[in-house]
Amino acid sequence: MAYTHLLVAVAMTPESRQLLAKAIDIARPSHARITLITLTADPELYNQLAAPMMESVRTLLQEEMQQFLNELVTGTEYPIEQMLIASGELGEHIVEVCRTKGVDLVVCGNHNQTFFARAACAAKRIVKRSEVDVLLVSLEG
C-alpha cells in the first residue's frame, strides 16, 4: 500500500531524526506528503502563581519548538509540508489532523521517554478511533 500523507509525531530529542528518516524512507517511493507534529509544554502546569508571565513563557516555548523543528528538517532532502506545534493531549491533536488534512499514516516513536510513551498511548487511541494506520518505530539505542 502506498501512503499519500504521513503525520510524524516528533519530540525535542535526538531520536526524532531517526524517526523522520524512517518516515522519509516510507514516503519517498510514492512522493507522499509529510507533516510533523510535536507538543510544547503548557506553562500553566508549572506555576499557577506566575500568571502574568505565562504569555511570554508560552511564546518562548513556541519559538524554541519552532527552532527545533526547523533544525530537524534542515538537510533532510525531502519536502516537509507542514510543521504543527500543539499543546494538551497529543492523541486528540493527531486524530484531528488526520481527519482534516487527509493523513493516512501516523508515525510515532516507541521509546521509554515521556513524550514517546505518550505518543504510543496516543497511537492506541488513534487505532481505536479511526481508520488511519499507525506505525510505531523502535527507537531503542
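Here is a short walk through this predicted model, one selection at a time.

Before you click, note that residues count from 1 along each chain as its sequence is written. Local features here need pLDDT of at least 70 and side-chain atom pairs pLDDT 80 or more, while totals for chains, interfaces and linings use all residues, and side-chain values use heavy atoms, without hydrogens and water.

**Colour by confidence.** pLDDT is the predictor's confidence in each residue, from 0 to 100. The chain averages 82, with 74% of its residues at 70 or more. Helices (H or I, at least four residues) and strands (E, at least two) are DSSP runs, numbered from the N terminus. Where pLDDT is low, the coordinates should not be read in detail.

**Show the largest nonpolar core.** Such a core is a set of buried Ala, Val, Leu, Ile, Met, Phe, Trp, Tyr and Cys residues joined through side-chain atoms within 4.5 Å; buried means under 20% relative accessible area (1.4 Å probe, protein chains only). This one has 22 residues, and Leu6, Val8 and Leu36 are among those touching the most other members. Strand 1, helix 1 (15-27) and strand 4 (105-110) are among the elements giving it two or more residues.

Apart from it lies a core of 14 residues, including Ile37, Cys98 and Cys108.

**Zoom in on the cysteines.** Cys98 is buried at 8%, and Cys108 at 0%. Their sulfurs are 9.1 Å apart, too far for a bond. The structure holds zero disulfides (cysteine sulfur pairs within 2.5 Å).

Key. Buried means under 20% relative accessible area, exposed over 50%, partly exposed in between (1.4 Å probe, protein chains only).
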